[in-house]
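Keep the model open as you read.

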Amino acid sequence: MSETAKIILEGKEYELPVITGSEGEKAIDISNLRGLSGYITMDEGYKNTGSTLSAVTFLDGELGILRHRGYSIEDLADNCTFLEVAYLLLKGELPTESELADFEHKITEHTLVNEGLEGMFKAFPTGSHPMGQLSSMISALSLFYPKSLNPHRDEDAISRTIIRLIAKMPTICAMIYKKRNGHPIVFPNNYLDYVTNYLNMTFGQVTDPNYTPDPVIVNAMNKLLILHADHEQNCSASTVRMVGSSQSNLYSSISAGINALWGPLHGGANQEVLEMLEHIKNDGGDVTKWINKAKDKNDPFRLMGFGHRVYKNFDPRAKIIKKACDEVLEKLGVNDPVLEIAKKLEEVALSDPYFVDRKLFPNVDFYSGIIYRALGFPTDFFTILFALGRLPGWISQWQEMRLEKQPIARPRQIYTGQAPREFVPMEKR
Ligand code: CMC
């Protein structure tokens with residue numbers, strides 16, 4: 001007999017189905033509870049609420065496990081290219097050699113962006129944040145491809161949109177970088193692999209056709225993109241699914257995901273970490289002072305890059321990035337003083353009961369910013385790199401939501417406002 005849960009409300013017993021996932025995770029299906037009893041469940045921030053069944057990514061925060069389509073993040077980061085992982089996320093299986101070649105070829109056919117899109121840069125004020133620019137540009141893509149607006153009309157158009165997004169995202173990210181520096185845009189070079197092409201469009205110059213990024217940088221970038229490729233139902237992926245559930249088009253759903261990622265508690269933390277480390281350094285480098293500030297409940301300061309909603313042991317991505325970070329800094333001969341501050345912070349926090357008791361560990365953003373800086377990216381550009389990596393995950397989550405025909409996302413609430421009252425005319429207020 002299948003497992004059920006019993007709930008007693010006002011003396012009446014209700015039996016609810018239990019759902020078991022392929023890794024043994026359990027959920028009580030409460031979708032009919034309101035219909036049966038009039039009760040809803042309450043869970044601000046969805047700390048204990050499953051929003052979907054999903055076959056894309058498995059995560060065990062207690063054991064520090066992250067797997068995409070069954071493959072461990074460690075194996076993927078060590079052995080794959082970013083596009084191989086993107087293919088895996090999107091299609092559910094690792095590609096064969098010819099499938100990967102075909103996927104890469106399709107992407108190279110769409111790397112250019114419409115010249116009209118470049119005009120948008122004229123409207124952005126100088127110094128505007130790259131994430132705001134990116135979400136606007138991705139949203140604007142929907143205006144250039146009106147056939148993609150209906151996510152249920154044409155499967156070929158959807159497939160093309162997915163390829164277009166993966167192909168154009170690096171081009172747009174690099175354009176944002178070039179425009180902020182006032183430099184001419186470097187067009188995509190379809191003879192380069194995805195990561196090298198992105199680095200070439202970013203750090204190459206139109207005057208230097210022989211620019212070749214250091215293989216150390218290419219490898220680090222490839223790994224970083226893989227480590228960010230998906231993370232199940234996080235804030236931005238849930239946003240993409242939520243926006244998509246209204247049958248809004250894929251470009252606007254991804255644009256919404258970019259905006260959700262921008263926040264400092266999510267992807268924006270990588271920028272915040274570096275700014276925090278710089279701040280601590282300029283303040284004299286007294287790490288204990290800042291640890292105490294983070295512990296003080298009357299002080300809004302938080303140790304950025306520490307803590308995670310689901311990881312309560314360690315963040316497996318942070319483990320891989322920490323190693324990559326050491327390698328990159330050593331190979332590039334970078335001696336960054338903020339790294340010393342980072343190491344001290346980590347050491348003190350990991351042995352402090354406040355952080356230990358609350359299971360607060362360095363997360364992926366704690367180290368990624370240090371690598372991005374070593375690679376030459378400006379601080380406010382870091383979250384763009386997170387978005388570039390996360391794109392295949394967002395698309396896979398959107399695609400799953402669409403193909404499973406999930407209903408429009410529409411949470412309920414418990415109203416705590418005024419009881420009905422008589423309208424007061426203006427002259428009597
Ligand atoms: N510094 C100091 N205290 C913290 C921190 C921190 N970074 N993070 C959590 N806490 C404390 C918090 O004050 C609370 O203490 P108490 O129980 O005494 O009230 C307790 O730990 C639990 O925190 P919470 O805010 O209830 O946990 P949450 O699951 O709602 O938030 C988080 C998770 C990631 C938003 C939070 O840990 C945080 O703000 N971290 C800093 C921002 C950051 O690094 N974000 C990147 C996350 S990884 C990238 C990604 O996947 O998005």
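A salt bridge is a side-chain nitrogen of Lys or Arg within 4 Å of a carboxyl oxygen of Asp or Glu. The model is a predicted one.

Q: How many salt bridges does the structure hold?
A: Side chains of opposite charge can pair when their charged atoms come close. Counted over the structure, the number of salt bridges is 18.

Q: Which residue forms a salt bridge with Glu 23?
A: Glu 23 sits in the loop between strand 2 (12-20) and strand 3 (26-28). Its partner is in strand 5, 44 residues apart, so look at distant parts of the chain. The closest N and O atoms are 3.1 Å apart. The partner of Glu 23 is Arg 67.

Q: Are Glu 23 and Arg 67 buried, partly exposed or exposed?
A: Glu 23 has a relative accessible area of 45%. Arg 67 has 22% relative accessibility. Because both values fall in that range, Glu 23 and Arg 67 count as partly exposed.

Q: Which residues of strand 5 form its covered face?
A: In a regular strand the side chains alternate between the two faces of the sheet. Strand 5 covers residues 65-68. Ile 65 and Arg 67 make up the uncovered face. The covered face of strand 5 has Leu 66 and His 68.

Q: What is the order of the strands in the open sheet of three strands?
A: Strand 4 (residues 57-60) and strand 5 run antiparallel, joined by four bridges. Strand 5 also pairs with strand 6 (residues 71-72) in the antiparallel sense, over two bridges. The order in the sheet is 4-5-6.

Q: Why is one side of strand 4 and of strand 6 left without a neighbour in the sheet?
A: Strands of a sheet pair through backbone hydrogen bonds, either parallel or antiparallel. Strand 4 and strand 6 each have a single partner strand, so one side of each has no neighbour in the sheet. These two strands stand at the edges.

Q: Which residue in the turn between strand 4 and strand 5 has a positive phi?
A: The two strands form a hairpin with four residues between them. The phi in question is about 70 degrees. The residue is Gly 64.

Q: Which residue takes a positive phi in the hairpin of strand 5 and strand 6?
A: This hairpin has two residues between the strands. The phi is near 50 degrees. The residue is Arg 69.

Q: Is Ala 157 buried or exposed?
A: Ala 157 has its place in helix 8 (residues 155-181). Its relative accessible area is 5%. Buried means under 20%, so Ala 157 is buried.

Q: Which residues are linked with Glu 278 in a network of salt bridges?
A: Start inside helix 13 (residues 269-282), where Glu 278 and Lys 281 lie three residues apart, about one turn of the helix. These two form a salt bridge, with the closest N and O atoms 3.5 Å apart. The network links Glu 278 with Lys 281, Asp 336 and Arg 373.

Q: Are Asp 315 and Arg 317 buried or exposed?
A: Their side chains meet in a salt bridge (2.9 Å, N to O). Asp 315 has 4% relative accessibility. Arg 317 has a relative accessible area of 2%. Because buried means under 20%, Asp 315 and Arg 317 are both buried.

Technical notes. Residues are numbered from 1 along each chain as its sequence is written. This is a predicted model: local features need pLDDT of at least 70, side-chain atom pairs count only at pLDDT 80 or more; totals for chains, interfaces and linings use all residues. Side-chain values use heavy atoms; hydrogens and water are left out. Buried means under 20% relative accessible area, exposed over 50%, partly exposed in between (1.4 Å probe, protein chains only). Two strands pair if DSSP finds at least two bridges between them.
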